[in-house]
Amino acid sequence: MSVDVVTFGCRLNAFESELIAKHAEAAGADDTIVINSCAVTNEAVAQARQSIRKLKRERPAARIVVTGCAAQTQAGMFAAMPEVDRVIGNDDKLRPDAWRATTRALAVPRFGIDASEKVAVSDIMAVMEMAPHLVDGFQRGLPRVFVQVQNGCDHRCTFCIIPFGRGNSRSVPMGAVVDQVRALADRGHAEIVLTGVDLTSYGAGLPGTPKLGRLVKQILRHVPELRRLRISSIDSIEADADLLDALADDARLMPHLHLSLQAGDDLILKRMKRRHARADAIAFCAQVRRLRPDITLGADLIAGFPTETEEMFARSLDLVEECGLTFLHVFPYSPRPGTPAARMPQVDGAVIRDRARRLRAAGEAALRRRLEQEIGCQREVLIESETQGRTEHYLPVATTTALPGTVQRLTITGHHGARLLVQNSVMPGLDPGIHAVPKN
């Protein structure tokens, strides 16, 4: 390929990297490496910088373009790196005309160019609409594909830089989303994941202000051939009645939610400027478990937020059991320049690392307990590759099948601490196209 994209950060970035490759190649970019960066933590930014230096040593003739959230928020820093030839913004990276301009700029001799001339970053806050993005071709053959339905965030959590990298919340119209999902289902993709930056804010700027739940119901109603629908990370306080109804009533909506909880102490949540309390999180998890008793829950949690005491941290640790969490995505707190939390009294770095370790250990133990509970169950496993699949609950399964892209009902026989083990054959009489999940 003439264009290689190196992706950091979230699933949304991974989806957008495919669009970047498509547009850059169509624009005629030659021997170009694109760094699609993440700004969530200082470590993510540092990893992008290290990767840039390493890639330039390995491929000195290649042009290096940096984009993504860190490029949007820290364009000057990347432009000052001698290895970098161009920095483009988060909105620009998805526009074909921006890549045509980038290709023209890269064709000009770069010796002695001023760092400011490398920057092509527009005002992300001025972006108010979102066009649907569907990559024709790259997703063919993949069992699980993503559909971006929302971008940006209108909230201002005190620790988060992402709104300044992604802009304000904006959504793809429902009809366009349904059309995308139908096209992907017609290609035979077994599972589709709805993704966005602040997914539960979906629809706020659209006519009639539809909620995420309505979008989900429209997809399930109008795309009956869709086997499995999954939604990525949500803010539980914004989950609407239609979303909960769909979770309870339609087996094709997978019994797995990942929640943006961040902390379990009310004072820390207030200082984070979150919109839920500890009791809200616990009540929501209990509610969805009543609606879908077999549901698997995950959560984002931050360790060592400024002013967090050991007692406050213990309340976050207790959430793993009180909310019945299985998957934890743990972030050691990292001060982001320009955010209010960066000006608060900081927790010692060694304490942050220790708390993150303890949270991860609690998450690993919770996952092992859930894997143990699966032994003897029959689960419908989406075969992702010849060695791994995922159950409806997103639990990883070790397989030796050669049928990627199919959904197979398999019996769970054990686990090895990280993945489930199964009988590696399709059960007699099962049509691989069968996909209904028995309701508990």
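**Entry 1: the second largest pocket**

I looked up which elements line the second largest pocket: E12, H12, E13 and H13 each supply at least two residues. H13 gives the most, with four residues. The model is predicted, so I note the limits: local features need pLDDT of at least 70, side-chain atom pairs count only at pLDDT 80 or more, and totals for chains, interfaces and linings use all residues. Residues are numbered from 1 along each chain as its sequence is written, and side-chain values use heavy atoms, with hydrogens and water left out.

Helices (H or I, at least four residues) and strands (E, at least two) are DSSP runs, numbered from the N terminus. A pocket here is an open set of points on a 1 Å grid over the protein atoms alone, where a 1.4 Å probe fits, with protein on both sides within 12 Å along at least five of seven lines; lining residues have an atom within 4 Å of a point.

The second largest pocket holds about 260 Å³ of space. That volume is the space filled by probe spheres set on the points, with grid points joined across faces, edges and corners. I find 16 lining residues, and Gly324, Leu325, Thr326, Arg370 and Gln373 lie nearest the centre. By class, the lining has five nonpolar, four polar and seven charged residues. Ala, Val, Leu, Ile, Met, Phe, Trp, Tyr, Cys and Pro count as nonpolar, Asp, Glu, Lys and Arg as charged, and the others, Gly among them, as polar.

**Entry 2: H12**

I turned to H12, residues 310-322. Its 13 residues reach 18 Å from first C-alpha to last, close to the 18 Å expected at 1.5 Å a residue. The expected span is 1.5 Å times one less than the number of residues.

Which residues of H12 are buried? I list Met312, Phe313, Ser316, Leu319 and Val320. Seen down the axis of H12, these buried residues fall within an arc of 120°, so they line one face of the helix. The arc is that of the directions from the helix axis to the C-beta atoms. Buried means under 20% relative accessible area, exposed over 50%, partly exposed in between (1.4 Å probe, protein chains only). The face turned away from the buried side carries the exposed residues Glu311 and Glu321.

The cover over the buried residues of H12 includes E11 (256-262), H10 (266-272), H11 (278-291), E12 (296-303), E13 (325-332) and H13 (349-373). Just after H12, glycine 324 takes a positive phi of about 65°. Gly324 is also among the residues nearest the pocket centre.

**Entry 3: H13**

I checked the span of H13 next.

Most residues other than glycine have a negative phi. Threonine 307 has phi near 75°. It sits in the loop between E12 and H12. Threonine 307 is partly exposed, with a relative accessible area of 22%.

Tyrosine 394 has phi near 70°. Its loop runs between E15 (388-390) and E16 (396-398). Is tyrosine 394 buried or exposed? At 13% relative accessibility, tyrosine 394 counts as buried.

**Entry 4: buried loop residues**

Arginine 292 is in the loop between H11 and E12. At 6% relative accessibility, arginine 292 counts as buried. Leaving aside neighbours within four places in sequence, arginine 292 is in contact (heavy atoms within 4.5 Å) with Leu247, Asp250, Ala251, Leu253, Met254 and Pro255. Arginine 292 and alanine 251 are 41 residues apart in sequence and 9.6 Å apart in space, C-alpha to C-alpha.

Threonine 41 lies between E2 (32-37) and H2 (42-58). I have threonine 41 as buried, at 14% relative accessibility. With neighbours within four places in sequence set aside, threonine 41 is in contact with Phe331, Ser334 and Arg336.

Valine 172 is in the loop between E8 (170-171) and H7 (174-186). At 0% relative accessibility, valine 172 counts as buried. Its C-alpha is separated by 5.6 Å from that of methionine 130, 42 residues apart along the chain.
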